[in-house]
Amino acid sequence: MELQQVTHIDNVRLSDDGTRVVYIDQTQLPNRTIYKETNKAEELFRAIYELQVRGAPCIGIFAAYALYVLALQIPHEEFEPFYKELVRQRDYLNSSRPTAVNLSKMLDRMDACAKSHSGDSHAALLEAMRAEACAIHQEDIDMCYAISSYGLSLVKDGDTVLTHCNAGPLATSRYGTGQGPFYLAKERGINLKAYCDETRPLLQGARLTAYELQRAGVDVTLICDNMAGMVMKQGKIQACFVGCDRVALNGDAANKIGTSSVAVLAKHYNVPFYVLGPSSTIDFHCATGEDIEIELREPDEIRKKFFAEPVAPEGVKCYNPAFDVTDHSLITAIVTERGICYPPFSESFRKLFPEQFE
């Protein structure tokens, strides 16, 4: 097998002087690759809310760096007033998007880090927060590699895998989750092909997944969302790989709108449907998908976004949920950095993550 080197996308990082967050504005892709950098609270919030930064793990990494650079600007060195302002900034960032659990989890980690260093000097506290944010980023890189390895074990050379939305390096770090096996396969000389759903209305599959996979030299074919059933019926698809934004304890998985439709089709055509994501996306305190809050977004994303002119009548009502929840009964397995979980998922989670149940 011919091993190949894949160029990885550096999508979020600290600036060289460590005072700002540098990130790719994903709303500009694929036509323009634009890096932005800021340390302003409103711009950091807007980067998440407006999907300049998106993908649950990437949002968590970005939020950790964001809270650190905001902490640098808090004018109080005494812990109590410093921490009061830090909590305000934490809650502000956390309000940007409700569904991706990584956002709140990583902000909570940064909060806990600050509290654990309350007795240290202010400089030491800030350095600890910086180290924690960098650790969150490195952990995600390591997790993505492990997830990619486990995911790759579920397919074989020559298989074609259907994707939905974007769960590659832009949504995470380095390899990605739902797309990670493609990059790892490329590096190991294994031939995997991809069919990418475009993912209306924000077109993450068309703008981001197709961009990343083509850039990496993967054999990728773009299809409209409503073509997934046809390509499955024609026998073109051997598996489905998707990411996740939040997974409930019973295995119900929230992901980009349209994911549950793909899962229903996969079940009908007997195609394995795999959810790939780090354990940080598993909400061990969320019993079922019924408890997952689903974000509703602006109607104009349906009516006119990405079009030169509106494609729907002015004023027509629109329902625009950003996510749906795939029932656990439709999921073949959930792939994490510690291994592959099979139904019943609550038992699999308990075996792989016993510390969460102590």
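The backbone nitrogen of Lys40 lies 3.1 Å from a polar atom of the Thr38 side chain, and the side chains of Thr38 and Glu43 are joined by a polar contact of 2.4 Å. A polar contact is a pair of N or O atoms within 3.5 Å, where within protein one must be able to donate a hydrogen and the other to accept it, and where residues adjacent in sequence count only if both atoms are side-chain atoms. The model is predicted, so that local features need pLDDT of at least 70 and side-chain atom pairs count only at pLDDT 80 or more, while totals for chains, interfaces and linings use all residues. Residues are numbered from 1 along each chain as its sequence is written, and side-chain values use heavy atoms, with hydrogens and water left out.

Thr38 belongs to strand E3 (residues 35-38); helices (H or I, at least four residues) and strands (E, at least two) are DSSP runs numbered from the N terminus. Because its relative accessibility is 4%, Thr38 counts as buried, a term that means under 20% relative accessible area, whereas exposed means over 50% and partly exposed lies in between (1.4 Å probe, protein chains only). When residues up to four places away in sequence are not counted, Thr38 touches Arg20, Val21, Tyr23, Glu43 and Leu44, contact being heavy atoms within 4.5 Å.

In the protein as a whole there are 11 helices and 13 strands. The radius of gyration is 20 Å, close to the 21 Å that the globule rule gives for 358 residues, so the protein is as compact as a globular protein of that length; this radius is taken over C-alpha atoms, and the rule is 2.2 Å times the number of residues to the power 0.38. Of the 358 residues, 56% count as buried, and residues 24 or more positions apart account for 74% of the contacts with a separation of 6 or more.

A cis peptide bond, with omega of about 0 degrees, joins Arg200 and Pro201, and Pro201 lies in the loop between strand E5 (193-197) and helix H7 (204-215). Another cis peptide bond joins Pro343 and Pro344, with omega of about -5 degrees, and Pro344 is found in the loop between strand E13 (339-341) and helix H11 (345-352). Cys165, although not a glycine, has a positive phi of about 65 degrees; Cys165 is buried, with a relative accessible area of 6%.
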